[in-house]
Amino acid sequence: MATIELKVPDIGDFKDVEVIELLVRPGDLIKPEQSLLTVESDKASMEIPSSTAGRLVELKVKVGDKVNQGSLMAVIEPIDATATGSVGETASAPAVQPQAPVPTSPPAAIASPAAPVQSLEANAATSRVAPVPMEPGDGDQHVVKAHASPSVRKFARELGVDLSRVRGTGPKLRITQEDVRGYVKDLVTGAAGSVAGPSAAAGDAGAGLGLLPWPKVDFAKFGPIELKPLPRIRRISAANLHRNWVMIPHVTNHDEADVTDLEAFRVALNEERAKAGVKLTMLAFIIKACVNALQRFPEFNASLEGDSLVLKQYWHIGFAADTPNGLMVPVIRDADRKGLSEIATESAELARLARDGKLSPAQMQGGTFSISSLGGIGGTGFTPIVNAPEVAILGVSRTAMRPSWNGAAFVPRLMLPLSLSYDHRVIDGAAAARFNAHLVQLLGDYRRVML
Ligand code: COA
């Protein structure tokens, strides 16, 4: 079959430039002057077009390759041989004028100093929409252009998409045509609705929520920076956290349980059972107490669906596990039917699997209520984010010995801080205070769990 080799044309002063994007695939029908690939130097990016029409047989470069003038980039089978040259000819694409290079700047997706990384990253895993702003920017002087090639810019213009709203997933977080397509798809399916309605695509970003666009700062202008892509798990958990934070009206109720006796009991039991190798953790006691509280207050073991509450007749308790790759929430199923030892063993095993990255999706599904325990680390209280579609989550902080008034004297008591965040659409403040007070009672006198 007659083919033509296409070589990189004259690209001016550009030497050893990196291929950052392939714009066509073997089998594609190529028009004359159609861009085949994008290359990028330290200062600019440009697209290399085809000199001839035809069907692309093979690309001779891949993303990451370095090319120069004369490098072989593709093999093409001409459709009209008379128009494209003779058989076996070696052709170069027309000389490229890097007249309108796109500045190579830190991509729009790099975090603002004001932005917590998790919130920023929130959209990356599930949506191509850039995050909504949390604080006003520091003026236009630091605004940089979205990081995208000319063809992607053209494509975005044709669709009326504001590139500053699109999250790039290409090399160096460059926005690809696929990202733009995905962004539009998200808008159409509503996946992007909570953070950027269709009006954002038309250019008035943030108008739906009346928010300013996310500040984009060229950090490299102020000092050296390093770009560190977030691990996949972190991106996914961040996307969930962001959605839950934005969509659920959260309130947190704080209380303290006197666990002096419970802790003494737990330590004694562990001493007794040291040989058996099963450690009864505070988390296991809390899970069991929560099941009791959830059975007493069923609206906490529920999900909101439209105008109805789905009250679940099972008690599957998730707990946040801190892993090197980010937060994961394994679930202990049927915690109501399991004893403390079983819960302690299972939670230790699930936490280990989470840290080894070996949790199966099934082990993270079906949760009806979650617990986030930072007690082993520290803190006096925090506001956990509800793990939708659940409606409440218990945050547990570190126990501390405090003076407590017993009516006659101050006595030292071991106090456990409990922070119950809840979806205020479903749960009233009074109900949350009652739930927490009930937990305080149970943990203060664990015999009550049997009642
Ligand atoms: N107060 C004081 N000490 C506590 C405590 C509390 N509330 N809870 C646990 N501890 C102590 C334990 O006594 C134990 O001490 P020891 O080693 O001297 O015996 C140590 O902390 C570890 O406790 P353990 O029960 O083995 O584990 P854990 O319950 O603290 O943690 C996980 C298990 C999976 C919850 C935990 O590893 C984890 O990942 N926590 C982080 C959760 C998270 O990131 N939440 C934030 C989500 S936004």
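Ala, Val, Leu, Ile, Met, Phe, Trp, Tyr, Cys and Pro count as nonpolar, Asp, Glu, Lys and Arg as charged, and the others, Gly among them, as polar. By that division, the shell around the ligand holds eight nonpolar, seven polar and five charged residues. This is a predicted model: local features need pLDDT of at least 70, side-chain atom pairs count only at pLDDT 80 or more, and totals for chains, interfaces and linings use all residues. Residues are numbered from 1 along each chain as its sequence is written, and side-chain values use heavy atoms, with hydrogens and water left out.

Around the ligand there are 20 residues, of which Asp322, Arg355, Ser372, Ser397 and Thr399 come nearest; a residue is near if one of its heavy atoms lies within 4 Å. Polar contacts are pairs of N or O atoms within 3.5 Å. A side-chain N or O atom of Ser372 is 2.8 Å from a nitrogen atom of the ligand, and a backbone N or O atom of Ser373 lies 3.1 Å from a ligand nitrogen atom. On its own the ligand has 950 Å² of accessible area (Shrake-Rupley method, 1.4 Å probe), and the protein covers 67% of that area. Two or more shell residues come from each of β15 (321–323), α9 (340–355) and β18 (369–373).

The protein chain has 10 helices and 21 strands, taken as DSSP runs (H or I, at least four residues; E, at least two) and numbered from the N terminus. In helix α8 (residues 282–296), 13 of the 15 residues are buried, meaning under 20% relative accessible area with a 1.4 Å probe, protein chains only. Of the 451 residues of the protein chain, 45% count as buried.

Conventions:
Buried < 20%, exposed > 50% of the residue type's maximum accessible area, 1.4 Å probe, protein only. Polar contact = N/O pair within 3.5 Å; in protein donor to acceptor, adjacent residues only side chain to side chain.
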